[in-house]
Amino acid sequence: MTRPIGIFDSGVGGTSIWKEVAKMLPYENTIYLADSANAPYGEKSKEEILHLSIKNTELLLNKGCKIVIVACNTATTNAIDYLRSHYDIPFIGIEPAIKPAAFHTKTKKVGVLATKGTLSSSLFHNTSKLFAEGITVLEQEGKGLVELIEAGKIQSEETKKLLSDFLEPMLEQQMDCLVLGCTHYPYLMPVLKDILPKGITIIDSGEAVARQTKAVLERNGLLSDGNGKPEHIFYTNATVEVLKNLIDCPSAQVSNLDF
């Protein structure tokens, strides 16, 4: 089954998911859509997010994808139910890793750094209610972070200051686990490790998403036969430089596409 795995995100952040998928499924072809021209999704209405998610899905289907990973927390929480009910392929979603954080916390205080679109969604609140009984979930909107990552300003003083301002109130409330509720945010890991005191566990969804993707492909008989070198194609509707720097994959084909 040489048809590719399709992945889309509101920009370059979902490449953090792509890396985990490519590592766990090294024989699979992939096509990635970075919808950076419309980033961030977290500031948009549910209707806008649904429209963009449909557009991205149909582009990936037209390119022959056998499965689609919605590598965006906001798109998952606002659109994946619709996508699953309207398209006849498997969809893998991303949601904040509340369950493992609830398991790991000792202080019973878990911080969630996410976009407005994720934090305000019913899926996020249902997940918190289901897995975080007896746990205080400290929500923080990461306003401005996606734009800085999209601009390649991960190590900038502006990014460090913004993160410090977001994290300080959660640390004051004895947070000991921080959930990264946006696929852009794993790229902030070096900065987070500098800012956060030792003993804070940082949790993201990347490896779990890759495991789930593999399981769904196996269950549906869609795994690649392992013959030939995999092809990784990346499309962006913005500048290619930041995308190229983040994926760090010399064999990848990275190009602009108007979508």
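Analyst: A helix here is a DSSP run of H or I with at least four residues, and helices are numbered from the N terminus. Please note that the model is predicted.

User: How far apart are the end C-alpha atoms of helix 2, and what span should its residues give?

Analyst: Helix 2 covers residues 46-62, and at 1.5 Å a residue its 17 residues should span 24 Å; the end C-alpha atoms are 24 Å apart, so the two agree.

User: Which residues of helix 2 are buried, and against what do they pack?

Analyst: An α-helix has 3.6 residues a turn, so residues three or four places apart point the same way. In helix 2, the buried residues include Ile49, Leu52, Asn56 and Leu60. The buried residues of this helix pack against strands 1, 2, 3 and 4 and against helix 3.

User: Which residues have the most contacts inside the largest nonpolar core?

Analyst: In soluble globular proteins, nonpolar side chains tend to be buried together. The largest nonpolar core has 51 residues, and Ile69, Leu178 and Tyr185 have the most contacts inside it. Beyond its neighbours within four places in sequence, Tyr185 is in contact with several residues, among them Leu113, Val146 and Leu192.

User: What is the strand order in the open sheet of four strands?

Analyst: The order is 6-5-7-8, with parallel pairing. Strand 6 (136-141) and strand 8 (201-203) are the edge strands, each pairing on one side only. Strand 7 (residues 177-181) joins strand 8 over three parallel bridges, and Cys177 stands opposite Thr201 in strand 8.

Key: Residues are numbered from 1 along each chain as its sequence is written. This is a predicted model: local features need pLDDT of at least 70, side-chain atom pairs count only at pLDDT 80 or more; totals for chains, interfaces and linings use all residues. Side-chain values use heavy atoms; hydrogens and water are left out. Two strands pair if DSSP finds at least two bridges between them. Helices (H or I, at least four residues) and strands (E, at least two) are DSSP runs, numbered from the N terminus. A nonpolar core is a set of buried Ala, Val, Leu, Ile, Met, Phe, Trp, Tyr and Cys residues joined through side-chain atoms within 4.5 Å. Buried means under 20% relative accessible area, exposed over 50%, partly exposed in between (1.4 Å probe, protein chains only). Contact means heavy atoms within 4.5 Å. The expected span of a helix is 1.5 Å times one less than its number of residues.
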